[in-house]
Protein chains: 2
Amino acid sequence: MCELLGMSANTPTDLCFSFTGLTQRGGNTGPHKDGWGVAFYEGKGVRLFHDPQPSCSSPIAELVQSYPIKSKTAICHIRQANVGEICLANTHPFVRERWGRYWVFAHNGQIANFSRQPGPCEPVGDTDSENIFCDLMNRIHHTLPRDAMPEQLAAVLVELAEEYAAQGVFNCLLSNGQWLFTYCSTKLASITRRAPFGPAQLKDADVTVDFEAETTPNDVVSIIATEPLTSDEAWDVYQPGEWKLWECGEVIASGKRQR
Amino acid sequence: MCELLGMSANTPTDLCFSFTGLTQRGGNTGPHKDGWGVAFYEGKGVRLFHDPQPSCSSPIAELVQSYPIKSKTAICHIRQANVGEICLANTHPFVRERWGRYWVFAHNGQIANFSRQPGPCEPVGDTDSENIFCDLMNRIHHTLPRDAMPEQLAAVLVELAEEYAAQGVFNCLLSNGQWLFTYCSTKLASITRRAPFGPAQLKDADVTVDFEAETTPNDVVSIIATEPLTSDEAWDVYQPGEWKLWECGEVIASGKRQR
């Protein structure tokens, strides 16, 4: 399995604090030592860092922890390999361009013997995750108009997510830089931080931050992660089958499978 | 204008020495201060670093200079903006997936009012360079079979390159991780280093390397750059209209426009 970390904010915000906590789980406080990656949107552009080394000892991860890259939407993943060898091509998040935007995807879970519908988008590596992402990209390309509104987009993404979740475990983060779609098949949690900001303590490292000193009163910053990253805040735990579409730090659409 | 740097090697090799020279031209010894980027292939995967900051003062460039990332094929670019604002989405090299491989492209030059043929591949930013790359990707998708051999591939790439060069300035580096295609419209040079290796001195920084200490007798490493990066080696200067297809450090096909 793997761990996911996403951020949605209304102002460019760095991910250093949460990333520091997550990377400890990549070989130190957690077993997810088979590579890590992160995507930071900056406007329509995206900054990518991928490394098949354990995040807890990666010089590139150290840079990302200490150099505040500011973004309104970010997606991060640390990997514990099940399907596909440990190599760069199998390291999440995966990226494809569609309709003039970069789409970024990270997955926690496993779908055995997943069969992808044919289409122009093909996997480069050999993980089930990238295969699913390509299936998703090919199918939205056929199903959605390029300027789909969030409601229409969410309806299609939820339908696909439920289809994938029915075949295995499918927790995911997906973004095109405008919004962040999150689907919980088994495990996902979120927290929204807004004024009045307080301090927070990481679970996985002896690091405390005082968000008040780092923010303005109008900032809204939401963090979505496989497991809560702090020990002294109340995280919202997703229910299995629950999804949320985030934009600028707020949930703009959400729902839950009725079964 | 911009500067290009490419590497083709028969064994995974770091680019630290050449990259250190090139990055000085990004705001220090040269005016190319409007961002930089580099792509390192590792198997079928690709590691990307992009930064709209000047390379001579970028903490990320500093990491890439000092952390030896080993690759058989790499493409690097430093930008002096002409078309398109200075932002991440406009920072080369550009990447698209096609036929299960990442294709990476960097361009030096300018084609005013370039008109792209429609197709699934669309630019995210607003440079002429990315627009040309998308045109190229869409046209090879229609023209080439997915398993095209180097000769067939080169024929199509050269035809496209000559068409682009006829409309403006088009020096380029393009790779899918197996080969590196290089086309000179106005300015490009290369050097192939093999045993017996000697020392080399950068033009743009007070840095010398002794390649013998860093290589084995079987290594073949070729560097392709807009302008020679060292002051004490004999570089081959491309003629306008000349192209070379590199693989594992060697030229496997080459030619020159007959006009």
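Author: Two strands pair if DSSP finds at least two bridges between them. Helices (H or I, at least four residues) and strands (E, at least two) are DSSP runs, numbered from the N terminus. Here, β2(A) and β4(A) run antiparallel and are joined by 5 bridges. In that pairing A:W36 stands opposite A:I78 of β4(A).

Reader: What kind of model is this, and how are residues and chains labelled?

Author: This is a predicted model, in which local features need pLDDT of at least 70 and side-chain atom pairs count only at pLDDT 80 or more, while totals for chains, interfaces and linings use all residues. Residues are numbered from 1 along each chain as its sequence is written, chains are lettered from A and ligands numbered from 1 in the order in which they are written, and side-chain values use heavy atoms, with hydrogens and water left out.

Reader: In what order do the strands of the open sheet in chain A stand?

Author: First the general idea. Strands of a sheet pair through backbone hydrogen bonds, either parallel or antiparallel. In chain A, 7 strands form an open sheet with antiparallel pairing, in the order β3-β2-β4-β1-β12-β9-β13. β3 (45-51) and β13 (236-237) of chain A stand at the edges with a single partner strand each, so one side of each has no neighbour in the sheet.

Reader: Which strands pair with β1 of chain A?

Author: β4(A) is one of them, antiparallel over 8 bridges. There, A:S8 stands opposite A:T73. β12 (residues 220-225) of chain A also pairs with β1 (residues 2-13), antiparallel over 5 bridges. A:A9 stands opposite A:V221 in β12(A).

Reader: How many residues of β4(A) are buried?

Author: Buried means under 20% relative accessible area, exposed over 50%, and partly exposed in between (1.4 Å probe, protein chains only). In β4(A), 8 of the 9 residues are buried, so the strand is largely enclosed by the rest of the structure.

Reader: Where does helix α1 of chain A lie?

Author: Contact means heavy atoms within 4.5 Å. Axes are lines fitted to C-alpha atoms, for helices over the stretch in contact, and angles run from 0 to 180 degrees between N-to-C directions. Helix α1 (residues 16-24) of chain A lies across β1, β2, β4, β9 and β12 of chain A, at about 175° to β1(A). α1(A) is mostly covered, with 9 of its 9 residues buried.

Reader: Is B:V64 buried or exposed?

Author: B:V64 is buried, at a relative accessible area of 3%. Its place is in helix α2 of chain B. Beyond four places in sequence, B:V64 touches B:C16, B:F19, B:W36, B:V38, B:F40 and B:F49. B:V38 is 26 residues away along the chain, and its C-alpha atom is 9.0 Å from that of B:V64.

Reader: What area is buried between chain B and chain A?

Author: The size of an interface is often given as the accessible area lost when the parts come together. Buried area is the accessible area (1.4 Å probe) that two parts lose on being put together, summed over both. Between chain B and chain A it is about 2700 Å², and carbon and sulfur atoms give 57% of that. Chain B gives 32 residues to the contact and chain A gives 33 residues.

Reader: How many salt bridges does the rule find across this interface?

Author: A salt bridge is a side-chain nitrogen of Lys or Arg within 4 Å of a carboxyl oxygen of Asp or Glu. The rule finds 6 across the interface of chain B and chain A. One of them links B:E97 and A:R96, with the closest N and O atoms 3.2 Å apart. β3(B) gives the largest share of the side of chain B that touches chain A, 7 residues.
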